[in-house]
Amino acid sequence: MTRRSTVTMAPPYAVERSLTTLGANLRTARIRRNMTLQEVADKIGVDRHVVSGAEKGKASTSIAVYAAMLWVFGLVDQLLHVGDPETDQEGKSLESARSPKRARQGSALDDNF
């Protein structure tokens, strides 16, 4: 029997909410393009139930499915901004706190050859 991950069975609320929103956004993109679940599924090589699960924000759906759906809709470039270190203010603050407060004093150069 395969062990199930806790995050797929009962994800934190913020994760669940984000996946639900992403799924709803993907569904809107599909409907605006007048595509069926089967058409999207055929393009990415999965069953239509997988696409339906992604649109519902199912936590056990592979990130590859979400990324492939974004690709089908021409939105995959938006993935480049997810987790961008330049927008990670907390990470920047922690890195700054760990870095040396002042530079080491260098020795003066001697021009006497």
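Trainee: Which residues in H3 meet H5, and which in H5 do they meet?

Mentor: This is a predicted model, to start with. In H3, look at Val40, Lys43 and Ile44. They meet Val65, Ala68, Met69, Trp71 and Val72 in H5.

Trainee: What classes of residue make up that contact?

Mentor: Seven are nonpolar and one is charged.

Trainee: At what angle do the axes of H3 and H5 cross?

Mentor: They cross at roughly 105 degrees. The two axes come within 10 Å.

Trainee: New topic, H2. How many residues does helix H2 have?

Mentor: Helix H2 has 20, covering residues 13–32. From first C-alpha to last, H2 reaches 28 Å. That is close to the 28 Å expected at 1.5 Å a residue.

Trainee: Which residues of H2 are buried?

Mentor: Leu19, Gly23, Leu26, Ala29 and Arg30. These residues cover an arc of only 120 degrees around the axis, so they sit on the same side of H2.

Trainee: What covers the buried residues of H2?

Mentor: The cover includes three helices: H3 (37–44), H4 (48–55) and H5 (63–72).

Trainee: And which exposed residues are on the face turned away from the buried side of H2?

Mentor: Tyr13 and Arg32.

Trainee: What follows H2?

Mentor: Asparagine 34 does, with a positive phi. Asparagine 34 lies in the loop between H2 and H3.

Trainee: Is asparagine 34 buried or exposed?

Mentor: Exposed. Its relative accessibility is 70%, and the cut-off for exposed is over 50%.

Trainee: Let's jump to serine 52. Where is serine 52 found?

Mentor: In helix H4.

Trainee: Why does serine 52 count as buried?

Mentor: Because its relative accessibility is 17%. Buried means under 20%.

Trainee: How far apart are serine 52 and valine 40?

Mentor: In sequence, they are twelve residues apart. In space, the gap is 10.0 Å, C-alpha to C-alpha. You have already come across Val40, one of the H3 residues that meet H5.

Note on methods
Residues are numbered from 1 along each chain as its sequence is written. This is a predicted model: local features need pLDDT of at least 70, side-chain atom pairs count only at pLDDT 80 or more; totals for chains, interfaces and linings use all residues. Side-chain values use heavy atoms; hydrogens and water are left out. Helices (H or I, at least four residues) and strands (E, at least two) are DSSP runs, numbered from the N terminus. The expected span of a helix is 1.5 Å times one less than its number of residues. Buried means under 20% relative accessible area, exposed over 50%, partly exposed in between (1.4 Å probe, protein chains only). The arc is that of the directions from the helix axis to the C-beta atoms. Contact means heavy atoms within 4.5 Å. Axes are lines fitted to C-alpha atoms, for helices over the stretch in contact, and angles run from 0 to 180 degrees between N-to-C directions. Ala, Val, Leu, Ile, Met, Phe, Trp, Tyr, Cys and Pro count as nonpolar, Asp, Glu, Lys and Arg as charged, and the others, Gly among them, as polar.
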